[in-house]
Amino acid sequence: VNVIFISIDSLSRHFLDMYGQTVEFDMEIPNLRRFAQKAATFERHYSGSLPCMPARREYWAGVQEFLWRPWGPMEPFDTPLARTARRAGVVTQLVTDHYHLFQHGSHGYYEDYHGFEFIRGHEYDAWQTAPRDPDPVLLRQIIENDPHGLVFMQRAAYARNVASFKAEEDYFAPKVFRTTADWLRRNQEHSRWLLVVDSFDVHEPFHCPEPYASMYTTEDPRDPTLINWPWYGRIDSGQSKMDERQLAFVRAQFAGKVTMVDRWLGEVLDVLDQQQLWDTTMVIVTTDHGHYLGEHGWMGKPTAPMYNVLTHTPLFVWYPGSPVMGKRVRALTSAVDTYATMTEALGCAPPAHTHSRSLLPLLRGETDHHRDWAVYGYWGSTVNITDGEYTYLQPCREDLPVYVYSTMMMNPHSWFTPPLPQKDAVAGTFLPYADSPVWRYPGKSYTRHLEPMLFNVLDDPGQSRDLRGDDRTNEARMRDLLVAALRELEAPEEQFARLGLPR
Amino acid sequence: MMRFLVCDTGYMMNERQDTMHHRTVAQCPADAPADATAPTISYCLSNVDDATRHMLQTYDGACKVIEECCLQRCGYCYDEPFLVVDDQLVRGSSHAAIFQTLAPAETPKGSSP
């Protein structure tokens with residue numbers, strides 16, 4: 001079959017009523033709902049490596065990288081999906097406004113496609129330099145206090161990028177999905193194709209046009225005292241501190257953006273209907289991670305415990321002829337599994353030495369079990385695991401080393417700025433999934449909590465009750481499962497030490 | 001104290017649950033009354049060397065000091081030392097020098113301007 005892969009960035013699962021919506025809004029998402037009714041809805045799908053670019057290496061190279069390296073490029077020993085598809089005679093296209101693919105530190109994600117469309121201007125995209133003094137209301141709402149500053153990554157870039165926007169069609173999700181629909185209309189002479197759509201929306205800034213800006217709030221969306229690009233962190237202290245009114249506005253703007261994405265995703269679904277492509281096309285809709293919007297007292301993707309708000313993600317798959325279409329799939333799955341799924345669906349030989357496991361046996365109805373565990377995290381920080389019923393969050397020591405393993409010298413934590421030389425680097429064949437030598441160099445270890453955390457996410461999906469100390473049986477079982485997973489992955493030796501786990 | 005909507009599944013928790021897990025590296029004991037006038041000082045992991053990080057982690061004055069793996073000030077972070085004091089970015093020749101301008105009597109031990 002042909003394949004459409006759609007990633008809608010930061011699409012928090014609990015805003016979707018297909019999963020038992022738990023937010024305060026009556027969400028208008030008719031197109032996501034319509035697709036979910038048609039496709040398989042995966043109930044226990046989890047992120048792996050976070051945030052944005054690590055997730056893309058999982059999607060498109062099948063590598064669960066966070067135990068070995070942070071945000072960075074495709075590696076020379078990776079087998080990118082588009083390259084594999086090209087070799088198999090498949091025409092490949094990328095449509096994206098995800099500017100991180102074109103930034104310092106993360107090359108190799110678009111070069112293998114036969115064609116790519118890059119919609120410019122989202123978030124910090126270094127695109128427009130005029131007007132020098134963009135909309136002062138927007139500057140306040142995105143918290144830009146130094147609009148004439150010339151350092152990397154200034155928020156004024158966003159205000160300049162959208163300064164010419166007049167209508168809804170000028171915004172990012174409309175452009176991404178309209179371009180996608182147009183590509184589908186114009187490319188049906190190709191018999192085999194792969195279309196990858198990486199929508200940066202719903203990612204912040206949560207700046208959207210009407211009617212979405214007013215859809216879930218009675219506030220004036222142009223009130224300069226209300227922000228739509230909050231800082232990451234606690235909402236009760238520091239730069240991310242906000243009051244109830246402010247938090248309600250941010251959540252309403254996020255919800256509005258979800259509805260805007262849904263509206264334009266509908267154009268893509270309409271083309272699939274009009275062109276009668278459903279019988280020959282696999283369609284995957286998912287996200288890389290969620291986004292804290294006050295849940296557990298946090299905003300954004302900060303140095304917080306990795307609750308399910310961030311890591312338990314939506315996944316919907318349409319696969320022609322599958323007996324599980326329109327049904328719920330309760331097997332545990334991981335973001336990295338989309339890679340082998342697409343590879344197999346396209347008829348390509350699955351590359352060796354990846355961490356990806358194809359979902360096709362589930363989709364063919366051959367099994368109802370997929371994996372015993374899914375691990376997830378950020379490089380250099382805590383390591384987390386789920387069996388689909390429990391989540392176990394393991395803190396790390398900050399006084400023990402953690403290493404980056406890569407052919408590149410990258411900034412372990414400052415991902416977007418020019419890479420700095422790693423003068424302590426040594427070379428060696430360190431990776432269990434590649435026979436190429438790589439650099440190894442140290443980075444800083446940081447934890448997100450001081451004690452392990454355990455939740456039963458079936459009984460307590462909001463993770464309001466930490467069972468550590470109260471459910472010692474499952475605490476020990478999940479800890480043992482984490483050890484077994486790290487051993488199976490052949491995680492670096494220092495990971496066991498810094499996590500306080502036996503090797 | 002801020003209160004949030006509480007939904008059926010508990011997604012919108014009150015903030016106290018997480019306070020004990022917050023990666024605050026140096027602050028008053030959790031049950032001690034906080035000094036409402038003392039600033040919250042945040043630093044970025046990429047912007048400190050090991051000695052400065054240790055200095056900030058072991059600070060035991062009135063200010064609340066928070067470590068973040070990224071404070072979303074990447075351009076400034078790339079260029080020079082900075083701290084975020086409440087919501088204000090403050091730049092300087094060193095973290096100790098910045099700290100000294102904020103709270104001269106409370107400059108962390110082992111620091112040098």
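Reply: What follows describes the side of chain B that touches chain A. This is a predicted model, in which local features need pLDDT of at least 70 and side-chain atom pairs count only at pLDDT 80 or more, while totals for chains, interfaces and linings use all residues. Residues are numbered from 1 along each chain as its sequence is written, chains are lettered from A and ligands numbered from 1 in the order in which they are written, and side-chain values use heavy atoms, with hydrogens and water left out.

The contact (heavy atoms within 4.5 Å) takes 57 residues from chain A and 41 residues from chain B. About 4300 Å² is buried between the chains, and carbon and sulfur atoms give 56% of that area. Buried area here is the accessible area, found with a 1.4 Å probe, that two parts lose on being put together, summed over both.

Between the chains there is one salt bridge, a term for a side-chain nitrogen of Lys or Arg within 4 Å of a carboxyl oxygen of Asp or Glu. B:Arg53 forms a salt bridge with A:Glu398, and their closest N and O atoms are 3.6 Å apart.

On the chain B side, α1 (16-19), α2 (50-57), β3 (64-68) and α3 (74-79) each supply at least two of the touching residues. Helices (H or I, at least four residues) and strands (E, at least two) are DSSP runs, numbered from the N terminus. The largest share, five residues, comes from α3(B).

By class, this side of chain B has 16 nonpolar, 11 polar and 14 charged residues. Ala, Val, Leu, Ile, Met, Phe, Trp, Tyr, Cys and Pro count as nonpolar, Asp, Glu, Lys and Arg as charged, and the others, Gly among them, as polar.
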